[in-house]
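Please read the points below beside the chain itself, taking them in order. They are meant for someone who has not looked at this structure before.

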Amino acid sequence: MAQKFDTLTAEIGLAVTRIVETDLALLRGYSRAKARAIASFTVLLGEGYAAGKIGDEQMTMEMVELERMVVRFVRNMQALVTTTVERLLRSIGAVLSATLQTAIGLPVLSMAPATGLVWGVGPA
């Protein structure tokens, strides 16, 4: 029993590690690139305004665009994180489902599509 517990724990850990490492690399790359773009735009705006190349009216419009950039960035990050959490739920569910099916012959457990958090019993 202890060996089965250790094996299951290791399988859950591997499933989480595979997804998290993959998604973190994606998140890091995306966030780094977008942060650089936002920082670059901000510096250009500041320097242009300080040098008198950008007037008050244009600066106001550019600040609105900067805000849009930041909001899009945050929403995209939120979507990527949500996707990662959903992948984790499915992956851990698959490991547990396979374990239960093998151990006691239960039908495959599947995630309920409506919420993604509730377990249902039935065919995959």
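Which residues does Arg-87 touch, not counting residues up to four places away in sequence? Point 3 takes this up, after the basis of the note and the overall layout.

1. Basis of the note. The model is a predicted one, in which local features need pLDDT of at least 70 and side-chain atom pairs count only at pLDDT 80 or more, while totals for chains, interfaces and linings use all residues. Residues are numbered from 1 along each chain as its sequence is written, and side-chain values use heavy atoms, with hydrogens and water left out.

2. Overall layout. The chain holds two helices and two strands, which follow the pattern α-α-β-β when read along the sequence; helices (H or I, at least four residues) and strands (E, at least two) are DSSP runs, numbered from the N terminus. Of its 124 residues, 19% count as buried, where buried means under 20% relative accessible area, exposed over 50%, and partly exposed in between (1.4 Å probe, protein chains only). The chain exposes about 8900 Å², with carbon and sulfur atoms supplying 65% of it; accessible areas come from the Shrake-Rupley method with a 1.4 Å probe, and for residues only the protein chains shown count as cover. Among contacts with a separation of 6 or more, residues 24 or more positions apart account for 54%, a contact being heavy atoms within 4.5 Å.

3. Arg-87. This residue lies in helix H2 and, neighbours up to four places away in sequence not counted, touches Ile-19 and Asp-23. Its relative accessible area is 33%, so Arg-87 is partly exposed. Arg-87 and Val-20 are 67 residues apart in sequence, yet their C-alpha atoms are 9.2 Å apart in space.

4. Leaving aside neighbours within four places in sequence, Ser-91 is in contact with Ala-15 and Ile-19. Val-95 and Ala-15 are 80 residues apart in sequence and 8.0 Å apart in space, C-alpha to C-alpha.

5. The aromatic pair. Rings of Phe, Tyr and Trp (its six-membered ring) pair if their centres lie within 6.5 Å, with planes under 30 degrees apart counted as stacked, over 60 as edge-to-face and the rest as tilted. By this rule there is one aromatic pair: Tyr-30 and Phe-73 are stacked, at 6.0 Å centre to centre and with 20° between the planes. Tyr-30 lies in helix H1 (residues 2-50) and Phe-73 in helix H2 (residues 56-104), so the pair ties together parts that are 43 residues apart in sequence. Both Tyr-30 and Phe-73 are buried.

6. The largest pocket. On a 1 Å grid over the protein atoms alone, a pocket is an open set of points where a 1.4 Å probe fits, with protein on both sides within 12 Å along at least five of seven lines, and lining residues have an atom within 4 Å of a point. The largest pocket is lined by 10 residues, of which Lys-4, Phe-5, Leu-8, Thr-99 and Ala-103 lie nearest its centre. H1 and H2 are the elements that give two or more residues to this lining, and H1 supplies the largest share, five residues.
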